[in-house]
Amino acid sequence: MIFVNISIWRAIYEEEETIGGVQFKMLITYIVLGFLLQSIFAMEEYLIENKVRSGLISSDFLKPISFRFYIFSYNMGTLVFKILMQLFPALIVSVALFGMLPPFSVSSAVYFLVSAMLAYLVLYNLNFIIWMSSFWFYWTFSLVTIKDAAIMIFSGALLPLWFMPQWIMDIIWFTPFDSIYFTPISLYLGQIPADETIMCLVRQIIWIVILFGIGQAMWRSANKKLVVQGG
Amino acid sequence: METKGTNKIAEFIYLFFIYSKLNTKIMLEYKLDRFLLAFAVFFREIISVVVMVLILTRFVHIKGWEMNEMLFLYSFLFLSYSLFIFFFTGIRDFDDMVYNGEFDRFLIRPLGLMFQIISSRIDYCATVGHGAVGIILLLHTAGSAGIEWNARNLLYYITALIGGAIIQASLFMLSSCFSFWAVKTTNLRNLIFFNSRRFAGYPISFYPAVIQKMLIFIVPFAFVSYFPAQFFLRKPDIEMFWSGYLYLTPVVGAAMFALVYAFWRLGLKSYSSSGNSMY
């Protein structure tokens with residue numbers, strides 16, 4: 001998958017020296033970083049759905065621990081595991097194989113780390129909304145697929161958003177998508193001017209709050225309407 | 001003997017029709033869900049096309065390929081996959097049948113195993129999802145890529161699509177053969193099939209030589225999209241390959257299917273039930 005992307009970009013690059021003012025190395029770094037973030041941000045999409053459909057969720061409700069906290073901790077555990085077991089080996093391979101660039105500066109490295117953590121929370125809260133919808137729909141495969149596709153294209157996971165036409169960018173600005181991959185990777189590359197950096201982080205936080213709020217509301221009403229089909 | 005043979009074929013067609021009717025009924029049971037599913041598949045697949053278009057609008061062409069021509073090449077991938085899913089969903093889901101014990105029921109019925117596997121499932125959602133993307137791409141590019149649609153080309157086009165569908169069916173069957181020994185083979189299949197499929201969306205001349213060889217000789221996706229498209233377009237990079245490849249799609253399909261079928265028969269001998277039949 002990543003090899004495909006890199007091969008395509010290499011083929012394009014052989015035609016022209018620079019692409020929209022962006023150096024080839026930077027582009028490769030973007031693509032690799034996007035790929036690495038995607039692979040560690042991948043979450044278990046059907047955990048709640050399976051519990052709702054099998055009725056096991058009723059026993060989760062009885063346990064003396066907040067169900068949402070349990071789900072969050074579960075995903076955090078997966079994240080830590082993935083960082084240790086997948087990210088570090090993959091990072092070494094990518095630096096050796098693709099010639100990935102180091103962070104633009106020390107401060108951009110720090111901003112990247114902070115922003116990546118916020119990005120995870122944005123994605124988590126967005127996913128949580130989709131997961132919660134299984135209380136109403138029971139099957140969420142199509143919703144999850146549509147959401148994944150939307151994230152793929154609008155968050156800049158596959159393609160840097162500076163390749164997008166302006167009118168799509170204007171729409172994306174009103175969505176949480178670019179906070180997920182585009183913001184942290186741009187910070188890593190030093191593509192965002194220093195005075196806008198804080199603004200970007202604040203935007204991520206605002207989206208976390210909004211998405212968390214929606215998730216909270218859904219959680220409340222789901223609690224009221226939970227129907228267990230057998231068990 | 002003669003009449004018995006024709007009767008048998010008529011019987012198969014009749015049974016296939018019954019199976020299709022059942023599958024359609026299953027699908028219509030959850031109309032909204034299935035509609036959403038088809039839409040989701042469509043949306044997921046069109047994303048890769050959109051990415052391609054977005055990359056290419058910046059450049060007039062890559063290695064002599066223009067956008068319309070690349071989209072024409074891409075349409076082969078979607079249409080042949082759609083065709084494959086329409087006829088051979090059973091092969092796609094075969095490891096599932098082994099896993100949940102459904103295959104055990106087939107073994108005790110007085111009917112050909114392959115026939116039962118193939119006709120027992122149809123996934124209309126994936127057919128429609130992939131097919132819609134393919135048709136949109138084809139309609140968009142059939143005229144503008146400068147292709148003359150005479151009878152000879154049309155015949156080639158249809159043969160290439162069928163050949164491509166059979167190549168993909170063979171690849172799926174190959175991976176599901178391993179479910180005789182390993183029960184669950186989804187990961188293996190994703191590794192073999194979907195990764196190579198991503199490569200095949202672009203002209204294979206873009207890739208390093210190793211990957212080109214792999215797509216021709218090991219996982220022959222080049223015959224699903226690149227060579228059929230080249231038959232019509234004749235871009236200069238065809239010089240890199242033997243020109244006979246252009247006509248080999250159906251041959252590769254038939255040969256692969258025969259090979260994989262023999263392998264499948266071999267695997268069948270060592271089949272032992274997974275023991276979790278739920279029916």
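**Close-up 1. Helices H6(A) and H8(A) are roughly antiparallel to each other, because their angle is over 145 degrees.** The model shown here and in the other views is a predicted one. H6(A) covers residues 106–132 of chain A, and H8(A) packs against H6(A) at an angle of about 155°. The two axes are 10 Å apart. The crossing of this pair is right-handed. On the side of H6(A), the residues that meet the partner helix are A:Leu123, A:Leu126, A:Asn127 and A:Ile130. They meet A:Leu143, A:Val144, A:Lys147 and A:Ile151 in H8(A). Sorted by class, the residues of this contact comprise six nonpolar, one polar and one charged.

**Close-up 2. A salt bridge joins the side chains of A:Lys147 and A:Glu45.** Side chains of opposite charge can pair when their charged atoms come close. In this pair, the N to O distance is 2.9 Å. Over all chains, the count comes to eleven salt bridges.

**Close-up 3. Helices H8(B) and H10(B) pack with their axes 9 Å apart.** H8(B) spans residues 151–177 of chain B, and H10(B) spans residues 186–200 of chain B. The angle between them is about 155°, and these helices are therefore roughly antiparallel to each other. Their crossing is right-handed. From H8(B), the residues in the contact are B:Gln168, B:Leu171, B:Phe172 and B:Ser175. H10(B) brings B:Leu188, B:Arg189, B:Ile192, B:Phe193 and B:Phe194. The residues of this contact fall into six nonpolar, two polar and one charged.

**Close-up 4. Helices H3(B) and H12(B) are oblique to each other.** Two packed helices are described by the angle between their axes and the distance between the axes. For H3 (residues 67–92) and H12 (residues 226–233) of chain B, the angle is about 135° and the axes are 8 Å apart. The crossing of H3(B) and H12(B) is right-handed. H3(B) takes part in the contact through B:Glu69, B:Phe72, B:Leu73 and B:Phe76. H12(B) takes part through B:Tyr226, B:Pro228, B:Ala229, B:Phe232 and B:Leu233. Eight residues of this contact are nonpolar, none is polar and one is charged.

**Close-up 5. Chain A and chain B bury about 2400 Å² between them.** Of this buried area, 79% is on carbon and sulfur atoms. In the contact between the chains, 27 residues of chain A touch 24 residues of chain B. The count of salt bridges between chain A and chain B is zero.

Notes: Residues numbered from 1 in each chain as written. Chains lettered and ligands numbered in written order. Predicted model: local features only at pLDDT ≥ 70, side-chain atom pairs only at ≥ 80, totals over all residues. Heavy atoms only, no water. Axes fitted to C-alpha atoms, helices over the stretch in contact; angles between N-to-C directions. Helix = DSSP H or I, 4+ residues; strand = E, 2+ residues; numbered from the N terminus. Parallel < 35°, antiparallel > 145°, perpendicular 65-115°, else oblique. Left-handed = near helix turned anticlockwise from the far one by under 90°. Contact = heavy atoms within 4.5 Å. Nonpolar A, V, L, I, M, F, W, Y, C, P; charged D, E, K, R; others polar. Buried area = accessible area lost by both parts, 1.4 Å probe. Salt bridge = Lys/Arg side-chain N within 4 Å of Asp/Glu carboxyl O.
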